[in-house]
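Please read them beside the coordinates.

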Amino acid sequence: MFLGSVLVVCVLCGVAATENGTSCTDVRQVFVMRGIGPAHLVPDTWTEGKDLNLCPSSRTCCSKSMETKYEEAGRKDLKSLLQGANSYLKTLISTSATKFGDTFLEMVQVAENSTNALFLDVYQSIEAQSRVPLGQFFADLLAYMSGKDVDLEERVSCFFDSLFPIAYHHSVNTNQKDFSESFKECLRDAQVEIRPFGDLSEKIASQISRSFEAARTFLEALQLGLEVINTTEHMDFGPECSEAFVRLTYCPQCQSFLQAKPCAGLCLNVVRGCLASVSELDDSWSEYVSALERLTSGMVGIYNIEHVLSTLDTKISETVSYLMANSAEVSKRVKDKCGTPRRVSRDVPPPISGSSLPFAIRPVPDTSLYMLLQNFVQKVAESKDFYANLADRLCSDGQLVIKGDLNCWNGSVLAEYTKTVAGIGVSAQKYNPEMKSPRVRDVTVSTLADKLQHVKQILNARVTSVPQSDSSVVGEGSGSGAWWKTSDDEDYAQASGSGDTSEDKTDLHFERTDGDVKDKSGSMTSQMSLVLVILCTLLVLKMK
């Protein structure tokens, strides 16, 4: 009987509290539904709140335990807001890094298949023996593009060292008895001095080195961009930021203003204060993006991995043709360096029929790499002021604030915010009425800024100077897609065995042209050159 009376009294008190507007039921419901904390932390009715640390007031539905939970929730909210603001840029860089990385690797594999197919069709007598050095050569290219520590020019030189004894035996000296291992070793060691391929092999090494370095530097730069975004998303902005964010977003709930949003000025002061150190990244980030623009604008001709790999099979074929066309002079140099060929008793294995080695050649996409790079960088360029404007974006997207300052939370009541609004950056926070200015620069931000400056220097180093002959004009290659031609290819085709590879260095100068423009005459010239090389090679082989 007594228990029933108590329950009736409690119910009546609860009803009375609700009718008089002193109940905290709505506050408790929101507190629990949003997963901020358990219901028992919320008072049943309004209480005196002058002793609260973050949300003091004469009457409140909050407790000190609730303030602690609000701080935890505030840190999560700010992190979530940052992730939302970063999501587009982060996804753009992440997916593009994966896409370009996969594309570069696929281009190497396509070039390998094309080169194998060309050797099978044109150089059947040396195709079988060339498989190992060709396989190792392209494996080295794949390893470098995958991030391994590979000296590209050295590996290209090793490839031609290995190719020389094979090409010399089968294409110059028709005796079917194989060279002794010691004689082959002499040929490999003396390849650089004998110069059986003229300076064509050096040009191939230079083109591969330049284009692959530019491509890998680009990929590494994108990874750093992702690191910067991920790090700033998960930064700890300190207790002062957490407390200010509670005053911004959760203190109005203590006074039962459950639908109230903060005034824009209050939001800017709190968020600019929290992100003051992060905003100091803006100059470094903008310079990093500008360096990406310069690098990708320069990735044409011999600096464009797509262009270099699309013609690599033809370039290697030209080195063999050069050796055959200059066989008499090469033989004299061989005799001077290695003496008369020493042979072993076994015969060289006969060439394998082409039908047993079906090398699949995957087509290169129709859209040129250059245009894909430009489209990507144009989108990234929009983020040049990303960190300077980050706080402003968070306070203008509608999630935190409402339009107009007449019925918003100003930190104490629902009214206009009249305090001074601080500017952007650490130095401007001395005028911030909501937060104190950071005393020291954030170590994490300093580290990220240093990394961005370092990668900017690396990116700029890739495009500071190029050979004068590399001024680029757009043309169309023998494969699908728009290939970017340079006059370096003309120098390449006119290469001689003299070894004169001096180049006049000038400042970077690239001629930007529209990717849809196609030079049909350039395409015809490229195709005719390949046909002539194959015909000449077949004729020389037949004469042998």
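Predicted model: local features only at pLDDT ≥ 70, side-chain atom pairs only at ≥ 80, totals over all residues.

1. The lining of the largest cavity holds eight nonpolar residues, two polar and two charged.

2. Cavity count and volume. Searching the whole structure turns up one cavity of 30 Å³ or more. The volume of the largest cavity is about 60 Å³.

3. Cavity residues. The lining includes Arg 272, Leu 275, Ala 276, Val 278 and Ser 279. Tyr 387, Ala 388, Leu 390, Ala 391 and Asp 392 also line the largest cavity, as do Ile 424 and Gly 425. Two or more lining residues come from each of helix H11 (276-279) and helix H17 (390-394).

4. H5 against H14. Helix H5 (residues 152-171) and helix H14 (residues 312-325) have axes that come within 10 Å and cross at roughly 45°. H5 is therefore oblique to H14. The crossing of the pair is right-handed.

5. The H5–H14 contact. On the H5 side are Phe 159, Phe 160, Leu 163, Phe 164, Ala 167, Tyr 168 and Ser 171. They meet Ile 316, Thr 319, Val 320, Leu 323 and Met 324 of H14. Sorted by class, this contact of H5 with H14 has 10 nonpolar residues, two polar and no charged.

6. H12 against H16. How are these two helices oriented to each other? Helix H12 (residues 282-298) packs on helix H16 (residues 369-381) at an angle of about 165°, and their axes are 10 Å apart. H12 and H16 are therefore roughly antiparallel. Their crossing is left-handed.

7. The H12–H16 contact. H12 supplies Val 289, Leu 292, Glu 293, Thr 296 and Ser 297. H16 supplies Tyr 370, Leu 373, Gln 374, Val 377, Val 380 and Ala 381.

8. H6 against H15. The axes of helix H6 (residues 181-194) and helix H15 (residues 327-338) come within 10 Å. They cross at roughly 115°. The crossing of H6 and H15 is right-handed.

9. The H6–H15 contact. Which residues of H6 meet H15? They are Phe 183, Cys 186, Leu 187, Ala 190, Glu 193 and Ile 194. Their partners in H15 are Val 330, Arg 333, Val 334, Lys 337 and Cys 338. The contact of H6 with H15 divides into eight nonpolar residues, no polar and three charged.

Conventions:
Residues numbered from 1 in each chain as written. Heavy atoms only, no water. Axes fitted to C-alpha atoms, helices over the stretch in contact; angles between N-to-C directions. Helix = DSSP H or I, 4+ residues; strand = E, 2+ residues; numbered from the N terminus. Parallel < 35°, antiparallel > 145°, perpendicular 65-115°, else oblique. Left-handed = near helix turned anticlockwise from the far one by under 90°. Contact = heavy atoms within 4.5 Å. Nonpolar A, V, L, I, M, F, W, Y, C, P; charged D, E, K, R; others polar. 1 Å grid on protein atoms, 1.4 Å probe; cavity = no way out; pocket = protein on both sides within 12 Å on 5 of 7 lines; lining within 4 Å. Points joined across faces, edges and corners; volume = space filled by probe spheres on them.
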